[in-house]
Amino acid sequence: MIRFLKVIVWNLPRIYMIPQMAYRAKHADRYGEEGCYAYARLAIRRMMRSGQITTKKYGVENLPGEGGYIMCPNHQGKYDALGIMISHDKPCSVVIDDAKSHGILVKQFIDLVQGKRLKKNDARQSVKIIKELAEDTKKGRRFIIFPEGGYLHNHNTVGEFKPGCFKSAVKAKVPIVPVALIDSYRVFEEWTLKKVETQVHFLKAIPYEEYKSMTTAQIAELVRDRIINRISEVLSPA
């Protein structure tokens, strides 16, 4: 939390970026998806610089070269999506809990990257979002969705994955990219201002042909196991 406060204070001179995000989101046709994403990453880089945050990326070569796909990471904290975006050069977006998406800065950021707001207790709206995700990824867009649904100060452990998070990928028949996040929780949970380093590992994409005969529960288990294995390989090498 103390790092979060420092980031806010140090970036007060750049508060103009918030209305700029809103303006660019409103005029997305003029700035284009790449232009909006570039501005979002500029905001992330400035936050990282002021917060002394470093993120190392691995496995970029595992990302599909063309077409849309869905990235499914473990969930550790508020920095997770930002760490993935700063590591992912091509435009991508995120699915976020609607209840957490309307605060100042968060709202403008989500609008800028054309994120999807999911109302967890609204079954009809959830079905609508699943359909939108499938349609958008078919068109070549890329999304981050957190199968754990949230985080409970779980640090580098991985909770259960919700099978419903994989329905969009199945419907769109697009690749699923497991993403292993390591030490992402440290950014805003540790009570320190010392330099912090996180890791983003893009694992080998799972093509539709590999998971088409599986249930969403089986897909969830497959993705979760691959993430757990990578975290174990990094933190407890043989």
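Here is a short walk through this structure, from the whole chain down to a couple of cysteines.

**Start with everything on screen.** What you have open is a predicted model. Switch to a cartoon view and you can pick out 10 helices and 7 strands in the protein chain. The radius of gyration is 17 Å, close to the 18 Å that the globule rule gives for 238 residues, so the chain is as compact as a globular protein of that length. If you draw a box around the C-alpha atoms along the principal axes, it comes out at roughly 55 × 50 × 35 Å.

The accessible surface of the protein chain is about 12300 Å², and carbon and sulfur atoms own 56% of that. Hide it again and think about the inside: 49% of the 238 residues count as buried.

**Show contacts next.** Take those between residues at least 6 apart in sequence: 74% of them join residues at least 24 apart.

**Color by charge.** Select the 39 positive and 25 negative charges; their mean positions lie 5 Å apart.

**Finish with the cysteines.** How many disulfides does a search of the whole structure find? The search finds 0.

Key: Residues are numbered from 1 along each chain as its sequence is written. This is a predicted model: local features need pLDDT of at least 70, side-chain atom pairs count only at pLDDT 80 or more; totals for chains, interfaces and linings use all residues. Side-chain values use heavy atoms; hydrogens and water are left out. Helices (H or I, at least four residues) and strands (E, at least two) are DSSP runs, numbered from the N terminus. The radius of gyration is taken over C-alpha atoms; the globule rule is 2.2 Å times the number of residues to the power 0.38. Buried means under 20% relative accessible area, exposed over 50%, partly exposed in between (1.4 Å probe, protein chains only). Contact means heavy atoms within 4.5 Å. Accessible areas come from the Shrake-Rupley method with a 1.4 Å probe; for residues, only the protein chains shown count as cover. Lys and Arg count as positive and Asp and Glu as negative; His and the chain ends are not counted. The place of a charge is taken as NZ of Lys, CZ of Arg, CG of Asp or CD of Glu. A disulfide is a pair of cysteine sulfur atoms within 2.5 Å.
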